[in-house]
Amino acid sequence: MCGIVGYVGDDAAPKILVEGLNRLAYRGYDSAGHALMNGSGIKIFKDVGSPEHIGQVVMKEKVMANSGISHTRWATHGGVTPSNSHPHLSNCGRIALVHNGVIENFVTLRNRLQQTGVTFHSETDTEVLCNLIASYYEDFRSEGHEDAFLHSVFAALREVKGSYGIAVMCGDQPGRIITARLGSSLVLGIGNGENMVASDAAAFCGRTNNIVYLDDGQVACLTGKDFEIFNLDNERVAAEICEVQSEHQEYERGDFPHFMLKEIFEQPEALRNSMRGRFSSDNSTTKFGGLNLEAKDLRRINRILFMGCGTAWHACLLAKYIIEKLARIPVDVEYASELRYRNAPIPDNTLVFVISQSGETADTLEALREMKRKGFETLAITNVVGSTIAHEAGGGIYQHVGPEIGVASTKAFSSQVLLTTMVGVFLGRLRDLSMSEGMRLVKGMQELPDKIVQVLQKASELEALAKKYAEYNDFLFLGRQMMFPLALEGALKLKEISYIHAEGYPAAEMKHGPLALVSPTCPSLFIAPEDEMIDKVASNIQEVKARGGPVIVITTEGSPLCDQEGIDVIAIPQTCESLMPILASIPLQLFSYYAAVARGCNVDRPRNLAKSVTVE
Ligand code: M6R
């Protein structure tokens, strides 16, 4: 969602901020802006549209500035207008602010400020916070307070309710940025003669690998030479500088036309990275360094609850099928957004697992906190190192697939499914899963990247198929057992990037309603590998064909469905049953991608969507 970048140091701020903000564009935006400071006040540039667009305006102006704060906005309070974009400037012109999150008591605060003569130029909660800080600043300054700027931020933040990640500048103090967070991620980039702040470390790429993760309730003061961290009571807090390895090319598209396609093709290597170092020396089970739970604790677990949102929720649903099969532990699956407001009776000895690529999804984070508050053991599968969910869960597993920039989740999904399968093997081997079965599954996992390469070689076949079907406006995705969550994921992928209406269903449920949709204008895509369900699915395919519905089938090489007439078939290699969802997800991703391209859609930045959803 919204993105923040701030820079203070010896170098020219505009270029660094423009580049940093462009790197955060993947989070989703509808407008963007910069506030630049050079000793003669604050200059604001902002508009609706892309960070690239506003960046060009800034670079053309050739502003000399050594500090600044920048923002990509994804509207929550107030429409998409230039005046609602950030940064906001206070009435007095001294305070500039960028903000992620929601100030829940902004109406009360705005009314109070209006009574003191403040006028507002936007509909945003952010402009209220900006003027609240400014009003404290004026008071403290006139009282001769020793650090009026810092204390005005403390005072304002003590009053607001809601969530925030903010970066603030004061026109009277060039070369200083104050930043603070509560519920919205912020990281500091510690450089040589310069310091930065951003919503995520992607913004620092190429400038520094030294990161400080700011915690909720912390306020940081940055100058070019130094940084200090405080709590809201003005007490100093020690900071740990972590070194993160991030490669420039991870944030570049390279020769690929879109990040989504790059990320689809990265999957063989991404999954190798997810597995690296996580097999026992005899290859009969898996192992994880960060679970923080002993085998004896895990043997006491008699239920698992998986939670997530969107694609991550589909990975949770697959975890249910896979872990119940491999480890014989009952698994419940919940949308994090629903569970957090439901007084669900959760049995003792339930292990809570959350899945989140970004590690910042607000609903998943709050559901995790609720489960922790109730005293459950919590674990997380996340991709972003140092993210809030990774930080707050009792233990976890990093995906290590590198940054996922495309809004449509691809490599993160396949890695999440792989890791839950590895968890299934691990828990199974602590119970009844035999050594030989463990070895068979580990071998299957080790062979998976090469099989993904074989599926990727079918890209042009999938491109032709997607072009053939790109003009349809409705689609059904159907599968049974483990292929059902995959049908949901295939439908989500298609609708989010191509805007084709698509629904996922268990194939056997067709007769209970969705069959009414089947017609020559509504194709059905079946995911039907050769397994114990194939005959049943073959009957479902006939039911659709008999009603004139076009049919696409993703099946395994040599399956009886390969020879059926009147249907379009994509054949993929066979693998262990529990690993088939991973392999079968690749053609679904490619199909959606090429359909979206054929329809001229903005694949990496679909309308209305943000990469990580950090508000409710
Ligand atoms: O970062 P998270 O995994 O928590 O994100 C959850 C969903 O917002 C995300 O998977 C979303 O559904 C994707 N756009 C799907 O491609």
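Leaving aside its neighbours within four places in sequence, which residues is S387 in contact with? The first legend gives the reply, and the others visit further spots in the chain. This is a predicted model, in which local features need pLDDT of at least 70 and side-chain atom pairs count only at pLDDT 80 or more, while totals for chains, interfaces and linings use all residues. Residues are numbered from 1 along each chain as its sequence is written, and side-chain values use heavy atoms, with hydrogens and water left out.

**Figure 1. S387 and its contacts.** Apart from neighbours within four places in sequence, S387 is in contact (heavy atoms within 4.5 Å) with S358, G359, E360 and T382. Look for S387 in the loop between β18 (377–382) and α12 (388–392); helices (H or I, at least four residues) and strands (E, at least two) are DSSP runs numbered from the N terminus. Is S387 buried or exposed? With a relative accessibility of 2%, S387 counts as buried; the cut-offs are under 20% relative accessible area for buried, over 50% for exposed and in between for partly exposed, with a 1.4 Å probe and protein chains only.

**Figure 2. The salt bridge of E159 and R112.** These two side chains meet at 2.7 Å, N to O; a salt bridge is a side-chain nitrogen of Lys or Arg within 4 Å of a carboxyl oxygen of Asp or Glu. Which parts of the chain does the pair link? E159 belongs to helix α5 (residues 148–159) and R112 to helix α3 (residues 106–115), so the pair, 47 residues apart, links distant parts of the chain. E159 is partly exposed at 23% relative accessibility, and R112 is partly exposed as well, with a relative accessible area of 36%.

**Figure 3. The salt bridge of E269 and R272.** Here the side chains of E269 and R272 meet at 3.1 Å, N to O. Both residues sit in helix α7 (residues 267–275), and because they are 3 residues apart, about one helical turn separates them. E269 is partly exposed at 40% relative accessibility. R272, with a relative accessible area of 30%, is partly exposed too.

**Figure 4. The salt bridge of E461 and K458.** In this view, E461 and K458 bring their side chains together at 3.8 Å, N to O. E461 is partly exposed, having a relative accessible area of 38%, whereas K458 is buried, with 18%.

**Figure 5. A network of salt bridges.** Which residues are linked in this network? They are R181, D216, E366, R369 and E392. The protein chain has 58 positive side chains (Lys and Arg) and 74 negative ones (Asp and Glu), with His and the chain ends not counted. The centres of the two sets lie 2 Å apart, with each charge placed at NZ of Lys, CZ of Arg, CG of Asp or CD of Glu.

**Figure 6. Backbone details at P87, N234 and N292.** Most residues other than glycine have a negative phi, and most peptide bonds are trans. With that background, find H86 and P87, which are joined by a cis peptide bond with omega at about 0°. P87 is in the loop between β4 (67–73) and β5 (88–89). Next comes N234, whose phi is near 70°, a positive value in a residue other than glycine. N234 lies in the loop between β13 (227–231) and β14 (242–243) and is partly exposed at 33% relative accessibility. N292 is not a glycine either, yet has a positive phi of about 55°. Its place is in the loop between α7 and α8 (295–300), and at 60% relative accessibility N292 counts as exposed.

**Figure 7. The chain around these views.** The protein chain has 18 helices and 24 strands. Buried residues make up 60% of its 616 residues. Its C-alpha atoms fill a box of roughly 80 × 55 × 45 Å along the principal axes. Among contacts between residues at least 6 apart in sequence, 71% join residues at least 24 apart.
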